[in-house]
There are 2 protein chains.
Amino acid sequence: VTELRQDPTTNEWVIIAHARSKRPYDFSKDREIKSTPAFVEDCSLCPGNENMTPPEVAVYRQESGTSPWLIRVVPNLFPALSPSAETGERLVDSHFKAKGGFGFHEVIIETPHHNQTLPKMGTSHVELVLQAYRDRYKALSKETGIRAVLIFKNHGVTAGTSLSHPHSQIIAAPIVSTHDKKKLEIAKEHYSGTGRCLYCDINSWELENRNRLVFETDRFAVFHPYASHYPFETWISPKKHEPCFGNANSEDLSDLAEVLPKTLRRMDSVLGEPDFNYVFHTAPVDDEGREFLHWYIQLIPRIWTAAGFEIGTGIYINTSVPEETAKYMKEA
Amino acid sequence: VTELRQDPTTNEWVIIAHARSKRPYDFSKDREIKSTPAFVEDCSLCPGNENMTPPEVAVYRQESGTSPWLIRVVPNLFPALSPSAETGERLVDSHFKAKGGFGFHEVIIETPHHNQTLPKMGTSHVELVLQAYRDRYKALSKETGIRAVLIFKNHGVTAGTSLSHPHSQIIAAPIVSTHDKKKLEIAKEHYSGTGRCLYCDINSWELENRNRLVFETDRFAVFHPYASHYPFETWISPKKHEPCFGNANSEDLSDLAEVLPKTLRRMDSVLGEPDFNYVFHTAPVDDEGREFLHWYIQLIPRIWTAAGFEIGTGIYINTSVPEETAKYMKEA
């Protein structure tokens, strides 16, 4: 099987090159699973080291007042974007465009326990993490000049983080990427042509076919997309049409608090606790009301490497077949 | 310094976040430089193991006839695209688009010597490698149904290759990526507005400013682009306007045979022989005559990791400043 599949959300083609790998599911070999202590003395995110981070912008406790914190949200010590930076656009050397690095970059410390990753937390704690995501989304999306808010998680060194304490990040940016603008255009065109949300359609196609479905709940569909760019790429998509994650209600978050760790546990079981990223795709700030957009989570285990072809063309070579990887996750 | 810079070739913004790294140039620490033998018995690309690859499509020898080979070009044993695959487009599950995985995927074995990387080869051998690139470009671009030909090199495990024997790859694809279509549109618009090639303009801006210039020769400008997506990203761009690498003449290749290894040696010296990719950007096959396109080489040391933010938005966070990295390379 070698075929090209078109991603309906970006119109980009993906090469599904099953034949490139002799043992396509042997992604977990040689992965060393280390045990991690509950507390690390020099970890800047562990309790007792609160002075190693900037002062918190939000905190969640068991009880109000001075009881120990459960979740802390702090500005990133080395932010990609900063609220104190300039906002204006200017010409550099008469030819190039620059903009001040205005924005926000926060770290969500998900738990006081150094070794309590999302799949190991209780559901109610995961729900609190998701509430923190939503609270920070709402707060940052209201800031003047912010056009896009991305919630994401880098887990493990190959996923781009050096901090092993469980944490997520939020970046609020003054621009919408050309990539997201393209996706918006495509979704808009689909809506104009059909009267339906493209992502609602994708959900119903996947729920109908079921050959790429991992599992579903009342509120979410979990599947490996038709034109997956990466092996075991997994989408968690709300069945209810909603462009903006900030508008997810408490029933949605409560369901998601079961769905997200369950998905991660299955991935861990099939692939041997790989490093991973997930990102919350959601409408740009001024487009939160658009009927053609839809929020969803994209989960990507780091069992691939973008090489020269991907860097040079933007076309991904996926050495596994989504129908087969979904089956693995379904049976896990 | 935290600022956004717009890539003039894609219109995408890049975040230049110098402040994120305390020691931005300390990219080479802990890199282990291993010595490699000249011959490895079970290496499928070493002489004597020719039967471990498919039969060669081209071979270059010291003398004609049966003298030992200097360069072999063979089809990839696990090709991403294959000439025997179908070419037609079809609908899958009534909703999704697929295309047969038609195309070509070849490996250019650059030398019989397992340990003779490009910076260590003599100039005349590098020139022969470049001639092989051009020959295969010309042959593959003439194949019916081919729309884009990418020459690229993955060097080292983190750059996406498991084979350590010096080799490059060529993939000839039946599609132009949406990324390349966007670049083409932007270049066309620049040409319409100014009457000049965007890439010729970029060359002259860089040659004028010189603050991102690494070095220049009669025929090439080597610089770190203004909106570099990756630390130490380096462009090698011909000064002469030419859309298609296939039209590079023997003087161009002769000059490039000095420029390319020199650039790699400087990168090795500053960064401690990092893994890297390079790609030859060139016009799509049917657009080889376009006055607004321009071929160039993009070299990327693998001293970065795309994390959740990059995957989620397509916006890159570059933790170094091109003016500073260029200075390092200039002084190497």
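A salt bridge is a side-chain nitrogen of Lys or Arg within 4 Å of a carboxyl oxygen of Asp or Glu. In this predicted model, the side chains of B:Glu3 and A:Arg90 form one, at 2.8 Å from N to O. Residues are numbered from 1 along each chain as its sequence is written, and chains are lettered from A in the order in which they are written. The model is predicted, with local features needing pLDDT of at least 70 and side-chain atom pairs pLDDT 80 or more, while totals for chains, interfaces and linings use all residues; side-chain values use heavy atoms, without hydrogens and water.

| Item | Value |
|---|---|
| Residues of chain A in contact (heavy atoms within 4.5 Å) | 70 residues |
| Residues of chain B in contact | 71 residues |
| Salt bridges between chain A and chain B | 4 salt bridges |

Buried area is the accessible area (1.4 Å probe) that two parts lose on being put together, summed over both. Between chain A and chain B this area is about 5700 Å², and carbon and sulfur atoms give 65% of it. A:Phe78, A:Phe96 and A:Ile311 supply 12% of the area that chain A buries against chain B, more than any other three residues.

B:Gly103 sits in the loop between strand E6 (96–100) and strand E7 (104–109) of chain B, strands being DSSP runs of at least two E residues, numbered from the N terminus. B:Gly103 has a relative accessible area of 0% and is therefore buried (under 20%, 1.4 Å probe, protein chains only). Not counting residues up to four places away in sequence, B:Gly103 touches B:Leu81, B:Ser82, B:Pro83, B:Ile146 and B:Ala172.

How values were computed:
Helices (H or I, at least four residues) and strands (E, at least two) are DSSP runs, numbered from the N terminus. Buried means under 20% relative accessible area, exposed over 50%, partly exposed in between (1.4 Å probe, protein chains only).
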